[in-house]
Amino acid sequence: MGPDSNRTASGCRVAVLIPCYNEAIAIGRVIDDLRTALPDAAIYVYDNNSQDATIDVARAAGAIVRTERLQGKGHVVRRMFADIDADFYVLIDGDATYEAAVAPVLVQRAQADGLDMLNAARVSDQSAAYRRGHRLGNRVLTGLVTLLFGRRLTDMLSGYRVFSRRYVKSFPAMSSGFEIETELTVHALQLHMPIDEVPTRYVERMPGSVSALHTYRDGIRILYFIVRLVKQERPLLFFGVSALVLIAVGIGLGAPVVAEYLETHLVPRLPTAVLAMGLVILAALSMVCGLILDTVALARVEARRLAYLTLPAPAEGVQAKHSAGVPSGVL
């Protein structure tokens, strides 16, 4: 691959990143469709311990194939973001359910508008493609995240996105499995990045292809990950709610004891009084923890924001490299 073999006509280096696990049936078609849509892009397939012929099919289709041994989509995305250098990254699943033909439109939109992330929201009229359980779970989880971190997306769990280099090289990537989409979304929302969303067609899997996503197990993992994110990124809310619950229970238990003491000057239910007092103390401790950790979380967000700002804006980075004649080879 020559130094400019992945540079588009606009001077933009594009890398297509495809995480794969047992996608031998679909991966060849995905690569062919992306090669047609983005003929100048470098296409990478990262295999995640597939037990079928995914690697052989991907190599035969002309993709650059690499392997990530740590099991889980989050591990694969972390490795891809660390390894590959480009101006824009197209992240897409290898199951042939996403509309590869719109990839150049997405890249052009991200470049023209200087977006750090462009999310491809799934639109489908095929019940087999977007099962009712997945659709409901996506709405609930997306609604929860947007309520907590900002209402800017409608399909948080989409596996089809375009990222700028500034986003990719400032993304910490701490998750291990399918919760990676949640982390991708929260990172952009929390740093108030320029992002957008466009509807794209979503179709059912090819015959014989099986999804690695488990509706209930992975849904619970994503929900647990959201709770962890709230604790880490919005600790005042997390511990504040805990404090309110504790003090409400404490007052509920202690109010009758206090009323009885005021009337009789006796405390016959001493264990209840001790329990109520303990709950109120725990509520106060929870609130103090939330206040302290909120300061720590703010400092962490500021550090991530400063790391993000050290990288050039999407359009500016492309124009600067193109005008300076910087070689654009991809690792």
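Is aspartate 113 buried, exposed or partly exposed? At 45% relative accessibility, aspartate 113 counts as partly exposed; here buried means under 20% relative accessible area, exposed over 50%, and partly exposed in between (1.4 Å probe, protein chains only). The views below come from a predicted model, in which local features need pLDDT of at least 70, side-chain atom pairs count only at pLDDT 80 or more, and totals for chains, interfaces and linings use all residues. Residues are numbered from 1 along each chain as its sequence is written, and side-chain values use heavy atoms, with hydrogens and water left out.

View 1. Arginine 109 and aspartate 113 meet through their side chains in a salt bridge, 2.7 Å from N to O. Such a bridge is a side-chain nitrogen of Lys or Arg within 4 Å of a carboxyl oxygen of Asp or Glu. The two residues are four apart in helix 4, so about one helical turn separates arginine 109 from aspartate 113. Arginine 109 is partly exposed, with a relative accessible area of 28%. Helices (H or I, at least four residues) and strands (E, at least two) are DSSP runs, numbered from the N terminus.

View 2. Lysine 73 and aspartate 93 form a salt bridge, with their closest N and O atoms 2.8 Å apart. Lysine 73 sits in helix 3 and aspartate 93 in the loop between strand 4 and helix 4 (103-113), 20 residues apart. Both lysine 73 and aspartate 93 are buried. Arginine 122 forms a salt bridge with aspartate 155, and here the closest N and O atoms are 2.9 Å apart. Arginine 122 belongs to strand 5 and aspartate 155 to the loop between helix 5 (132-149) and strand 6, so this pair ties together parts that are 33 residues apart in sequence. Arginine 122 counts as buried at 16% relative accessibility, and aspartate 155 is buried at 3%. The whole structure has 16 salt bridges.

View 3. Seven strands form an open sheet in the order 3-2-1-4-6-5-7, with mixed pairing; two strands pair if DSSP finds at least two bridges between them. Its edge strands are strand 3 (64-67) and strand 7 (195-201), each pairing on one side only. Strand 4 (residues 88-91) and strand 6 (residues 161-164) run antiparallel and are joined by four bridges. Phenylalanine 88 has serine 164 of strand 6 as its bridge partner. Helix 3 (residues 73-83) lies across strands including strand 1 (14-20), to which it runs at about 155 degrees. Axes are lines fitted to C-alpha atoms, for helices over the stretch in contact (heavy atoms within 4.5 Å), and angles run from 0 to 180 degrees between N-to-C directions.

**View 4. Aromatic rings around tyrosine 167.** Ring pairs link Phe81, Tyr89, Phe163, Tyr167 and Phe171 into a cluster. Rings of Phe, Tyr and Trp (its six-membered ring) pair if their centres lie within 6.5 Å; planes under 30 degrees apart count as stacked, over 60 as edge-to-face and the rest as tilted. The ring centres of tyrosine 167 and phenylalanine 171 are 5.6 Å apart and their planes at 25 degrees, so the pair is stacked. Both tyrosine 167 and phenylalanine 171 are buried.
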